[in-house]
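Colleague: I'm new to this one. Can you put it up and walk me through it?

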Amino acid sequence: MRRPVLAANWKMNNGPTAAKTFMDAFLAGYKPRTDRTVIIFPPAVSLPTVAAATSGRSDVIAGIQNIHWAEKGAFTGEVSAPMAADAGARVVLVGHSERRHVFGETDAQCAKKCLAASRAKLAFMLCVGETIQQREAGETESLVTRQLREGLSQTPNLISVDFMLAYEPVWAIGTGLTASAGDASAIHTVLRSELSQMIGTRGDEIPILYGGSVNSTNAASLLGSPEVDGLLVGGASVEASSWLSIAGI
Ligand code: PGA
């Protein structure tokens, strides 16, 4: 059985001071649980704060929203996978739709980031998802399949690599629109079958999360849908009280 993963993507919210306040409130209310894993993806500057707060908790872990694929060098403003690991990250978000659509990240770059994360012994969560135009053109399945295959194409030995997928329809992110539970399940099923073609039964162990306007009202029904193994939550994860009500569903 895959253990549910509840992931908070704070995006560019909660600097170190707010992160500390959030973690104090969240951990006070969220008692240790063995039936799920919670991941917090803070902005990079807040990573040490979140990592320190979670150090006594194996059920709540820290991640990073983005990395550069090189280990070090002249890449002003970037953070490498080994540096993220050093700062306490255990997971890297790769190919989030804002990285792809606001910052022009390509599948080829995502592939290098997945490889860099695995080399640094970090898990990664590869995000895939279609725009509204791609959806209306009937391209969703072929697009997410391509994003999956290309994103994973550079990482050897996938069978023993720790990774997850997140299906996040671009049109559902931050818009208040969510995929129906049935639509999410349908795409998750496509991704699951692609994984099994790529890595056989190991594919059954890979969590596939849904993301896009998840909130405390729709979280339970989305998480209860077939093949939905977790939730990647943006806006509704920024405040501790809201995140508590989702992580604890
Ligand atoms: P949202 O963002 O929950 O605010 O739609 C989800 C995400 O971008 O990961």
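**Cysteines, ligand and pockets**

Modeller: Let's start with a cysteine. Cysteine 127 counts as buried, at 1% relative accessibility. Buried means under 20% relative accessible area, exposed over 50%, and partly exposed in between, with a 1.4 Å probe and protein chains only.

Colleague: What kind of model is this, and how are residues numbered?

Modeller: It is a predicted model, where local features need pLDDT of at least 70 and side-chain atom pairs count only at pLDDT 80 or more, while totals for chains, interfaces and linings use all residues. Residues are numbered from 1 along each chain as its sequence is written, and side-chain values use heavy atoms, leaving out hydrogens and water.

Colleague: Back to cysteines. How many disulfides are there?

Modeller: The count is zero. A disulfide here is a pair of cysteine sulfur atoms within 2.5 Å. For cysteine 114, the nearest cysteine sulfur is that of cysteine 110, 6.6 Å away. Cysteine 114 is buried, with a relative accessible area of 0%. Cysteine 127 is in no disulfide either. Its nearest cysteine sulfur, that of cysteine 110, is 8.5 Å away.

Colleague: New topic. Which residues come nearest the ligand?

Modeller: Lys11, His96, Glu168, Gly174 and Ser213, out of 14 residues around the ligand. To be near, a residue needs a heavy atom within 4 Å.

Colleague: What classes are in that shell?

Modeller: Five nonpolar, seven polar and two charged residues. Ala, Val, Leu, Ile, Met, Phe, Trp, Tyr, Cys and Pro count as nonpolar, Asp, Glu, Lys and Arg as charged, and the others, Gly among them, as polar.

Colleague: What lies 2.7 Å from a ligand oxygen?

Modeller: An N or O atom in the side chain of lysine 11. Backbone N or O atoms lie by ligand oxygens too: one of glycine 234 at 2.9 Å, and one of glycine 235 at 2.8 Å. On its own the ligand has 280 Å² of accessible area, and the protein covers 95% of that.

Colleague: And pockets? How much space lies in the largest?

Modeller: About 480 Å³. A pocket is an open set of points on a 1 Å grid over the protein atoms alone, with protein on both sides within 12 Å along at least five of seven lines. The largest pocket has 18 lining residues. Lys11, Gln65, Asn66, Arg99 and Phe103 lie nearest its centre. The lining divides into nine nonpolar, five polar and four charged residues.

Colleague: What about the second largest pocket?

Modeller: That one holds about 290 Å³ of space. It is lined by 16 residues, and the closest to its centre are Val5, Thr37, Asp162, Met164 and Pro207.

Notes:
Polar contact = N/O pair within 3.5 Å; in protein donor to acceptor, adjacent residues only side chain to side chain. Areas by Shrake-Rupley, 256 points an atom, 1.4 Å probe, with all protein chains shown as cover. 1 Å grid on protein atoms, 1.4 Å probe; cavity = no way out; pocket = protein on both sides within 12 Å on 5 of 7 lines; lining within 4 Å. Points joined across faces, edges and corners; volume = space filled by probe spheres on them.
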